[in-house]
Amino acid sequence: MNVPGICAVIGSGTMGPGIAALLARHGSEVRLNDISQEALDRAESACTAASGALDQLGTPVTEGGSVSFELDAAAALDGAELVIEAVPEEIGLKRRVLERIEAAVGTGVVIATNTSGIPISDMAAAMAHPQRLVGMHWSNPPHLIPMIEVIRGERTDPAVETATVAIVEALGYKAVVEKEVPGFVENRVLYAIMRECLSLVEQGVASQEDIDTCVKWGIGYKLAVIGPMRLLDMAGLDIYSSVSGYLNPDLSDEKGISPLVTKLTEQNRLGMKTEDGMYPYAEGEVAAKRADILRGLVTVRKALSEITPV
Ligand SMILES: NC(=O)C1=CN([C@@H]2O[C@H](COP(=O)(O)OP(=O)(O)OC[C@H]3O[C@@H](n4cnc5c(N)ncnc54)[C@H](O)[C@@H]3O)[C@@H](O)[C@H]2O)C=CC1
Ligand SMILES: Cc1ncc(C(=O)O)c(C(=O)O)c1O
């Protein structure tokens, strides 16, 4: 199976439009649904921008793809062969949305959740047919980051997982998560990195700017070419043993939310969405930064696609 003929994406905020644009690029008829007409209006321009980025990337266009914007969930779900849930990360809401999706599609339809890390089994608990729920964790921006985690729950049908892996492999690179731990793989690693970086800022060890430079041009650059497991072999497991022996006990073991993030959040300094967060943003700077980020991701992705996997 390449990508399904008809897909429904439920939730059209940060993630939905890029997911829809990529599926349509690969030939799917995608219905993008939201409860907010404003979100759907924004989604149209987001899908256009995502399609433009895929043009820059040189992603081939498979004929027959389209995205429609549906305020009516039933219309979006009618005839869908794949449903991707991308509503806010709140398990109660997700369970309610999954129940509504279930009632509208056949028992053979794959229902995938884009949760950042809620165990699939926890979300499936309220479903009549939990065997068709699978985790399909895209990373932001979803039309450019080609790795998608596939996570099965305790009751996910193996055939559903296999079908989802096939869809992901048609779109990019799969990472199969064998045990549904919270955060799966990508976000556990990302949040460990972010926890340590935030701790370093809170301790005054380095500034946000210098931490970003250090991580981006040090480990970020390196890990884009060499995965951490391969890097262990390159550095030598003896070196890792020597360093981790004294370093691991000293790393941040913060079990709560970073005090710095808590302070900023309480001040409604949420980042780009409020034009102030870890960094302040002058007027127009957020749009410029977002454009720089997208341009950088396209450029790096093109370069990486020219090297053989290490
Ligand atoms: N933002 C990110 O960087 C990433 C988010 N995710 C996950 O993807 C999911 C969606 O995240 P975002 O797109 O960032 O959220 P968002 O808050 O930007 O968008 C969610 C959209 O869902 C809509 N919505 C709420 N209730 C709905 C319902 N009953 N039916 C249809 N639409 C409904 C909202 O109106 C909103 O437009 C979450 O589970 C999140 O953890 C995954 C990877 C990255
Ligand atoms: C801060 C943060 N949290 C979650 C995710 C995710 O993948 O779910 C991301 C991301 O980059 O996609 C993220 O940046």
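I take accessible areas from the Shrake-Rupley method with a 1.4 Å probe; for residues, only the protein chains shown count as cover. On that basis the chain exposes about 16,900 Å², 57% of it on carbon and sulfur atoms.

The model is predicted: local features need pLDDT of at least 70, side-chain atom pairs count only at pLDDT 80 or more, and totals for chains, interfaces and linings use all residues. I number residues from 1 along each chain as its sequence is written, and side-chain values use heavy atoms, without hydrogens and water.

**Overall.** Buried residues (under 20% relative accessible area, 1.4 Å probe, protein chains only) make up 38% of the chain.

**Cores.** I looked up nonpolar cores (buried Ala, Val, Leu, Ile, Met, Phe, Trp, Tyr and Cys joined through side-chain atoms within 4.5 Å). The largest has 32 residues; Met136 and Trp138 are among those with the most contacts inside it. Another core, of 22 residues, lies apart from it and includes Ala8 and Leu98.

Strands here are DSSP runs of E, at least two residues, numbered from the N terminus. Pairing needs at least two DSSP bridges. β6 (residues 133-137) and β7 (residues 147-152) pair antiparallel over 4 bridges. Met136 stands opposite Val150 in β7. β7 also runs parallel to β8 (residues 173-177), joined by 5 bridges. Ile148 has Lys174 of β8 as its bridge partner.

How values were computed: Chains lettered and ligands numbered in written order. Buried < 20%, exposed > 50% of the residue type's maximum accessible area, 1.4 Å probe, protein only.
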